[in-house]
Amino acid sequence: MSGPRPASGRSLAAGAAAVAAATAVALLAVGARSADDAAEPGAGAAPEQLRVRVLATLPHDTEAFTQGLEVREGVLYEGTGRVGRSWVAATELSSGAELARADLPEPLFGEGITLTQDALWQLTWRDGVAVERDPGTLAERRTVRYDGEGWGLCHQQDSDRLVMSDGSDTLQFRDPVSFEATGEVRVESASGAVEDLNELECVDGAVYANVWHSDTILRIDPDEGRVTAEIDASGLLTADERRAADVLNGIAFSPEHDAFLVTGKLWPHLFVVEFVPG
């Protein structure tokens, strides 16, 4: 009976070596793909875990339904919400003296604010109106219409664009002069999309975002839409203070303190904090 000749020991060894080599190449390819996948938003790159360390505690207006917070040259700018009680004010940080104030007329509901080189922009919640103001006097210059809701707003100086949130998992980019939309990015963490993005602060190429109804602040890479850090800001208020207050909302970087200022709606304090490993 004819058939294939038995393989020699040398041939079997060569075949086993070839299989091993092919398997190693395949495993390397899988590993490379896994590394690439982990670099994609939401695909497994775990955000850094941070917490707040309080450096100082400053007074805060318990009637302020805080929606936006900014600091420039020792002046704290704050925008608030609620129909008939929305305003934006400029206050000297060192003394607490109010320098300027402007009220929003009914039925507008104020939301986030930010400063550009020569303007202060103020959002409204569901009114589809952005107000451009003089940063010194806070006098209204003009209003601009936009679609959808307005929540948070910050200005990226390095790319000269506005970053805006609407309570979803998406950040919008807008022109700082015309307020026209120029693009958007969906924000994802290792576990997937992140909803309820609220008050924003732009610092050193990153966007910091309060997450509504939580004590979490996110650090976001706005170009990739990737969450790079989750900051636990719980425990800032006592139990009695929390019962009289609303949610954490309000974040601004203060060059004078080389630290962040954080507060919330109807909070009694403005906290000077740094973000440290949790």
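Strand S4 is the element that gives the most to the lining of the second largest pocket, with 4 residues. Please keep in mind that this is a predicted model. The space in this second largest pocket comes to about 360 Å³. Its lining has 17 residues, and those nearest the centre are Pro-59, His-60, Leu-76, Thr-91 and Gly-96. Besides strand S4 (87-92), the elements that give two or more residues to this lining are S1, strand S3 (75-80) and strand S5 (98-103). Sorted by type, the lining of the second largest pocket has 7 nonpolar, 5 polar and 5 charged residues.

How much space lies in the largest pocket? About 420 Å³. Here 19 residues form the lining, and Val-71, His-155, Gln-157, Glu-201 and Cys-202 are the closest to the centre of the pocket. Two or more lining residues come from each of strand S2 (66-72), strand S6 (110-115), strand S10 (153-156) and strand S16 (197-203). The lining of the largest pocket divides into 7 nonpolar, 6 polar and 6 charged residues.

Strand S10 also holds Gln-156. Is Gln-156 buried or exposed? Gln-156 has a relative accessible area of 4%, so it counts as buried. What does its side chain meet there? A polar contact of 2.6 Å joins it to the side chain of Arg-161. A polar atom of the Gln-156 side chain also lies 3.5 Å from the backbone oxygen of Gly-205. If we set aside the neighbours within four places in sequence, Gln-156 is in contact with Arg-161, Val-163, Cys-202, Gly-205 and Pro-222. Cys-202 has come up already, as one of the residues closest to the centre of the largest pocket.

Let me step back to the whole chain. The protein has 2 helices and 22 strands. It has 278 residues, and 48% of them count as buried. Take the contacts between residues at least 6 apart in sequence: 50% of these join residues at least 24 apart.

Next, the nonpolar cores. The largest one has 20 residues, and Tyr-208, Ile-217 and Phe-275 have the most contacts inside it. At least two core residues come from each of strand S1 (48-59), strand S17 (206-211), strand S19 (226-232), strand S20 (248-254), strand S21 (259-264) and strand S22 (269-277). S22 gives the most to this core, with 3 residues. Neighbours within four places aside, its contacts include Tyr-208, Ala-229, Ile-231, Leu-248, Ile-251 and Val-262. Glu-230 is also in contact with Ile-217. There is a second, separate core of 16 residues, and Leu-171, Leu-197, Cys-202 and Ile-220 are among them.

Glu-230 leads us to another residue. Its side chain makes a polar contact of 3.4 Å with the side chain of Ser-189. Ser-189 sits in strand S14, residues 188-189. Its relative accessible area is 5%, which means that Ser-189 is buried.

Loops can hold buried residues too. Leu-237 is in the loop between S19 and helix H2 (239-244). Because its relative accessible area is 9%, Leu-237 counts as buried. What lies around it? Beyond the neighbours within four places, Leu-237 is in contact with Arg-242, Ala-245, Trp-267, Pro-268, His-269 and Phe-271. Leu-237 and His-269 are 32 residues apart in sequence, while the distance from C-alpha to C-alpha is 8.4 Å.

Last, some backbone details. Which residues does a cis peptide bond join? Glu-106 and Pro-107, with omega at about 5 degrees. Pro-107 is in the loop between S5 and S6.

Asp-160 is not a glycine, and its phi is positive, about 50 degrees. It is found in the loop between S10 and strand S11 (161-165). Its relative accessibility is 45%, so Asp-160 counts as partly exposed. Asp-258 is not a glycine either, and has a positive phi of about 50 degrees. Asp-258 lies in the loop between S20 and S21. With a relative accessible area of 62%, Asp-258 is exposed.

That is what I have for today.

Conventions. Residues numbered from 1 in each chain as written. Predicted model: local features only at pLDDT ≥ 70, side-chain atom pairs only at ≥ 80, totals over all residues. Heavy atoms only, no water. Core = buried A, V, L, I, M, F, W, Y, C linked by side-chain atoms within 4.5 Å. Buried < 20%, exposed > 50% of the residue type's maximum accessible area, 1.4 Å probe, protein only. Contact = heavy atoms within 4.5 Å. 1 Å grid on protein atoms, 1.4 Å probe; cavity = no way out; pocket = protein on both sides within 12 Å on 5 of 7 lines; lining within 4 Å. Points joined across faces, edges and corners; volume = space filled by probe spheres on them. Nonpolar A, V, L, I, M, F, W, Y, C, P; charged D, E, K, R; others polar. Polar contact = N/O pair within 3.5 Å; in protein donor to acceptor, adjacent residues only side chain to side chain.
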